[in-house]
Amino acid sequence: MSAVFSPPPAALPTDKELVLKVIPMPADTNGNGDIFGGWVMAQVDLAGSVLPARYIQGRMATVAVNEFIFKQPVRVGDILSFFSAITRVGNTSVTVEVEVYAERFSAQGQYVKVTEARLTYVAIDHQGRPRPVPKHNAPA
Ligand SMILES: CC(C)(COP(=O)(O)OP(=O)(O)OC[C@H]1O[C@@H](n2cnc3c(N)ncnc32)[C@H](O)[C@@H]1OP(=O)(O)O)[C@@H](O)C(=O)NCCC(=O)NCCS
């Protein structure tokens, strides 16, 4: 059996905030035995919404996944750490970058960057229409 490729450990970002940690389970795998990309995308969507929620203060919707890169596979039992930072606060939308790092099941304390993404969330009213982001709610 060939060895599984393993890139050198990565340093965690210092310019992003830890917004989510989660461990994928066997039910989340694809036909290769790795974690299904759609499961990773769902977690990134949730993690990405955390910082925009501080600005938007109410209902919001994901309008765009502007970029999504699966850099390395995710495996059952990895501890995933999701880091995020806001890159743009517009009139009705907030855009974030999300980076995901895995601590492999057998190598905790060492981090492998597995995913990076950029997503945009829109503040919506009760009819589902865009509404202005309340600027006075923006963190300092
Ligand atoms: C979110 C939604 C209300 C936006 O309505 P819309 O009429 O498309 O809104 P607008 O064209 O006025 O754009 C609203 C904001 O989104 C931004 N936006 C729209 N498309 C974008 C894209 N592809 N990438 C980045 N930002 C985008 C606009 O720039 C604008 O931001 P700003 O006001 O800060 O400049 C509507 O598209 C919607 O309901 N989409 C479905 C959302 C959903 O179900 N998400 C879950 C998917 S599973």
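I started with the record: UniProt, in an unreviewed entry, places the feature "domain: HotDog ACOT-type" at residues 14-127. I kept in mind that UniProt positions follow the numbering used here, that feature names are shortened, and that annotations may be inferred rather than shown by experiment. Residues are numbered from 1 along each chain as its sequence is written. This is a predicted model, so I note its rules: local features need pLDDT of at least 70, side-chain atom pairs count only at pLDDT 80 or more, and totals for chains, interfaces and linings use all residues.

**Overall layout**

I looked up the secondary structure next and found one helix and five strands in the chain. Helices (H or I, at least four residues) and strands (E, at least two) are DSSP runs, numbered from the N terminus. Along the sequence I read the pattern β-α-β-β-β-β. Over residues 14-127 I get 18% helix and 45% strand, with the end C-alpha atoms 39 Å apart. The C-alpha atoms of the chain fill a box of roughly 55 × 30 × 20 Å along the principal axes.

I then checked contacts, where two residues count if their C-beta atoms, placed from the backbone, lie within 7 Å. Among contacts between residues at least 6 apart in sequence, 73% join residues at least 24 apart.

**Core**

Of the 140 residues in the chain, 26% are buried. My cut-offs here: buried means 20 or more other C-beta atoms within 10 Å of the residue's own, exposed means 12 or fewer, and partly exposed is in between, with C-beta atoms placed from the backbone. A nonpolar core is a set of buried Ala, Val, Leu, Ile, Met, Phe, Trp, Tyr and Cys residues joined through C-beta atoms within 7 Å.

The largest such core has 25 residues, and Val44, Phe82, Val98 and Val100 touch the most other members. At least two core residues come from each of α1 (37-56), β3 (79-89), β4 (93-103) and β5 (112-123). The biggest contributor is β5, with seven residues.

**Ligand shell**

I turned to the ligand and found 14 residues around it, with Ala64, Gly90, Asn91, Thr92 and Ser93 coming nearest. A residue is near a molecule if its C-beta atom, placed from the backbone, lies within 6 Å of it. The largest share, five residues, is from β2. I sorted the shell into six nonpolar, eight polar and no charged residues. For that sorting, Ala, Val, Leu, Ile, Met, Phe, Trp, Tyr, Cys and Pro count as nonpolar, Asp, Glu, Lys and Arg as charged, and the others, Gly among them, as polar.

**Single residues**

I picked Lys21 in strand β1 (residues 17-22). Lys21 is exposed because 12 other C-beta atoms lie within 10 Å. Beyond its neighbours within four places in sequence, Lys21 contacts Ile79, Leu80 and Ser81.

In the loop between α1 and β2 I stopped at Gln57. Its phi is near 50°, a positive value in a residue other than glycine. Gln57 is partly exposed, with 14 other C-beta atoms within 10 Å.

My last stop was Ser106, in the loop between β4 and β5. Ser106 is exposed, with 7 other C-beta atoms within 10 Å. From Ser106 to Val94, twelve residues apart in sequence, I have 37 Å between C-alpha atoms.
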